[in-house]
Amino acid sequence: LRAAPLPELLAEGGAQMELRIDWPVDAALSLLANFGAVQASHDGEIALSLNASATPAGVLQAIATSGATLHMARYGSHDLERLFMQLTHRPLRDE
């Protein structure tokens with residue numbers, strides 16, 4: 001068993017979006033599931049791992065079309081905290 005180097009682990013997650021949407025969480029999760037793996041955090045942010053065919057522009061267009069209000073959007077690759085959460089299935093800090 002070989003440990004993967006950090007850059008390889010960070011690249012495995014693909015493109016990520018973090019969103020804060022003023023809309024019922026269940027409805028937001030349902031809408032965003034069309035674009036990839038989605039998870040709501042305890043602080044109201046939604047993490048979305050984009051699938052290969054999804055684009056950030058497509059996600060933002062779907063949110064606008066839904067009538068939801070977008071308060072924040074970040075786009076990029078995994079960071080160490082998100083990687084930790086994905087690998088352990090728990091937040092970095094217990095609250």
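How far may the prediction be trusted by its own confidence score? The protein chain has a mean pLDDT of 82, with 72% of its residues at 70 or more. Within the chain, H3 has the highest confidence, at 96, whereas helix H1 (residues 6-12) has the lowest, at a mean of 63.

Let us now turn to the helix itself. H3 spans residues 56-66, and its buried residues include Val59, Ala62 and Ile63. These three lie on the same side of H3, because the arc they cover around the axis is only 100°. Ala57, Ala64 and Thr65, on the other side of H3, are exposed. Just after the helix comes Gly67, whose phi is positive, at about 95°.

Which residues have the most contacts inside the largest nonpolar core? They are Ile21, Leu32, Val59 and Ile63, in a core of 15 residues. S1, H2, S3 and H3 are the elements that each contribute two or more residues to this core.

I close with one of these residues, Val59. With neighbours within four places in sequence set aside, Val59 is in contact with Met17, Leu19, Leu32, Phe35, Leu48 and Leu50. Thank you.

Terms used. Residues are numbered from 1 along each chain as its sequence is written. This is a predicted model: local features need pLDDT of at least 70, side-chain atom pairs count only at pLDDT 80 or more; totals for chains, interfaces and linings use all residues. Side-chain values use heavy atoms; hydrogens and water are left out. Buried means under 20% relative accessible area, exposed over 50%, partly exposed in between (1.4 Å probe, protein chains only). Helices (H or I, at least four residues) and strands (E, at least two) are DSSP runs, numbered from the N terminus. The arc is that of the directions from the helix axis to the C-beta atoms. pLDDT is the predictor's confidence in each residue, from 0 to 100. A nonpolar core is a set of buried Ala, Val, Leu, Ile, Met, Phe, Trp, Tyr and Cys residues joined through side-chain atoms within 4.5 Å. Contact means heavy atoms within 4.5 Å.
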